[in-house]
Amino acid sequence: MLHDISGRALSRRSLLGLAGIGVSAAALTACSGPSTTATAASASSSASGGPSFTGVTPAKSISFWSNHPGGSQAVTQSIIDAFKKQSGITVKLVTAGSSYEDVAQKFQSAQAGGQLPDLVVLSDVWWFRYFMQDSIIPLGNVLKAAGLSLSDYRPGLVADYQYKGEQWAVPWARSTPLFYYNKSHFKAAGLPDRAPATWAEFAAWAPKLMAVKAATKAKYAYEVPALADYAGWTLQNILWGYGGGWSKKDSFDITCDSAASIAALQFVADSVRRSKWAGVASTAAIDDLAAGACSSTIESTGSLVGVQKAVGSRFEVGVGNLPGGPAATRPVCPTGGCGVGIPKGIDKSRQLAAAKFIAFLTNPQNTVTFSGATGYLPVRTSADTSGLLAKNPLIGTAISQLDVIRTQDWARVFMPGADQEMAKSVAAIVSQGAEVSTTMKALRTTLEGIYTSQVKPHLG
């Protein structure tokens, strides 16, 4: 069974499939996740660099809460074992759930009196809630005390966890969406052995793929169960390609109903309802790709190794950068995945030990080891990836795409529940025939309500 970027079985979720192409991401749980009704971030967490660690001695034992993204439990444990040999510090790896949402729920419950972890997985759509709740610390001073500089980390990945001049997490299991395709299908259709440069080019290719008997099921498939998941993540690619977005760059100004955004989503709607080279599928597009029933898909880079193992020798998998649009061809690839952060309500000695483990967990050698085992991206610029690429050249394409990534729209990652609302709106458009402009205007009203009631009061 393949596993997604949160570690869950892929058959339990899917996102946008095209039969071209499918776009998948980790499933959301039915719950809405932690609330943001706690008090606004206090002055202590807003202070430059966070608390001081002068004279602090690191604890000898800490806990790390994770959902083991990408099936990473074994490789993470091996890194933990090596860390203990080097530092003498014991790290207890705790399975805090099967998804980012499960970890978030457990961490939320711990705020009310449970045992807090010393290090916790923070995904792209969850960490900002903890900034607003004042339950994680700025990392500047503790990383300095641990001897860790972020200057060697890939800037686009580090920037995902920055707000108001502070660093709130360190990138760890990081990914981007990647274009996957079945090379045999592309060859049979007379297509180039590459990903399409633009969505318009793929629209021209799709009928040729559909004409290939081996790929009769391979059509652009908006998978309804998955649209309740992370549709907002990968659709940023199409929105940005058209010059739109869920919100303006680095802003809470909602733009989902702008002319450019409506044009992007109309393209998606037309691919199903008018051109009909797209449709609605009932299974995960990435599973279809692995089974040979789908010609291409968009999936996390964190799924690369799992997809290759599932396909085996039955056909060759190709990968490429995400397609562009009529307004922009780069950067149109969003980041994704998770980082690690340190809770506020624990002893400084444990916070310092956690920071020392972060430095080891994400050092150049270990980020390559982790990447080789999972398909996630090396987060350090100085990492020697030559051995990794020799074993799995496709990872090189994923790494090269890091040069054209864009930090995600704040409306998706900084607003609680907004991702689910985006997904519901997209599902209404592709599976229920809802009118794009009307649906996006309604979504804007919903998103602005979330900002006004759940975000703005906590920004100080």
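Reader: In which loop does aspartate 250 lie?

Author: In this predicted model, aspartate 250 has a positive phi of about 55°, although it is not a glycine. As for its place in the chain, aspartate 250 lies in the loop between H10 and H11.

Reader: Does aspartate 250 count as buried, partly exposed or exposed?

Author: A residue is buried under 20% relative accessible area and exposed over 50%, with partly exposed in between. Aspartate 250 has a relative accessibility of 44%, and therefore it counts as partly exposed.

Reader: At what angle do helix H10 and helix H11 pack?

Author: Two packed helices are described by the angle between their axes and the distance between the axes. For H10 (residues 231-241) and H11 (residues 259-273), the axes are 8 Å apart, and H10 passes H11 in a right-handed crossing. The angle at which H10 and H11 pack is about 115°.

Reader: How do the residues of the contact of H10 with H11 divide into nonpolar, polar and charged?

Author: From H10, the residues that take part are Leu235, Ile238 and Leu239, and they meet Ser261, Ala264, Leu265 and Val268 in H11. Sorted by kind, the residues of this contact come to six nonpolar, one polar and no charged.

Reader: How far apart are the end C-alpha atoms of H11?

Author: H11 has 15 residues, so at 1.5 Å a residue it should span 21 Å.

Reader: Which strands are the edge strands of the open sheet of five strands?

Author: The order of this open sheet is S4-S3-S5-S15-S8, and its pairing is mixed. Neighbouring strands of the sheet are turned against each other by 25° on average, with direction ignored. The strands that pair on one side only, and are therefore the edge strands by that criterion, are S4 (90-95) and S8 (170-175).

Reader: What is the bridge partner of valine 121 in S15?

Author: Strand S5 (residues 119-123) and strand S15 (residues 336-341) run antiparallel, and four bridges join them. In S15, the bridge partner of valine 121 is valine 340.

Reader: How many residues of strand S12 are buried?

Author: Strand S12 (residues 296-300) pairs with strand S9 (residues 177-182) in the antiparallel sense, over five bridges, and phenylalanine 179 has isoleucine 298 as its bridge partner in S12. Strand S12 is mostly covered, and the number of its buried residues is five of five.

Reader: How far apart in space are tyrosine 181 and serine 296, C-alpha to C-alpha?

Author: Tyrosine 181 is placed in strand S9, and at 2% relative accessibility it counts as buried. Leaving out residues up to four places away in sequence, tyrosine 181 touches several residues, including Phe186, Ser295 and Ser296. Tyrosine 181 and serine 296 are 115 residues apart in sequence, whereas in space their C-alpha to C-alpha distance is 3.9 Å.

Reader: Does serine 295 count as buried or exposed?

Author: Serine 295 has its place in the loop between helix H12 (285-291) and S12. Its C-alpha is 7.3 Å from that of phenylalanine 186, although the two residues are 109 apart in sequence. The relative accessibility of serine 295 is 0%, so serine 295 counts as buried.

Reader: Where is lysine 164 found?

Author: Lysine 164 is not a glycine, yet it has a positive phi of about 50°. Its relative accessibility is 54%, and therefore lysine 164 counts as exposed. Lysine 164 is found in the loop between strand S6 (162-163) and strand S7 (166-167).

Reader: What is omega for the cis peptide bond that joins arginine 330 and proline 331?

Author: Proline 331 has its place in the loop between strand S13 (317-320) and strand S14 (333-334). For the cis peptide bond joining arginine 330 to proline 331, omega is about -10°.

Reader: What percentage of the 460 residues in the protein is buried?

Author: The protein has 20 helices and 16 strands. Among its contacts between residues at least 6 apart in sequence, 79% join residues at least 24 apart. Of the 460 residues in the protein, the buried ones make up 62%.

Note on methods. Residues are numbered from 1 along each chain as its sequence is written. This is a predicted model: local features need pLDDT of at least 70, side-chain atom pairs count only at pLDDT 80 or more; totals for chains, interfaces and linings use all residues. Side-chain values use heavy atoms; hydrogens and water are left out. Axes are lines fitted to C-alpha atoms, for helices over the stretch in contact, and angles run from 0 to 180 degrees between N-to-C directions. Helices (H or I, at least four residues) and strands (E, at least two) are DSSP runs, numbered from the N terminus. A crossing is left-handed if the near helix is turned anticlockwise from the far one by less than a right angle, and right-handed if clockwise. Contact means heavy atoms within 4.5 Å. Ala, Val, Leu, Ile, Met, Phe, Trp, Tyr, Cys and Pro count as nonpolar, Asp, Glu, Lys and Arg as charged, and the others, Gly among them, as polar. Two strands pair if DSSP finds at least two bridges between them. Buried means under 20% relative accessible area, exposed over 50%, partly exposed in between (1.4 Å probe, protein chains only). The expected span of a helix is 1.5 Å times one less than its number of residues.
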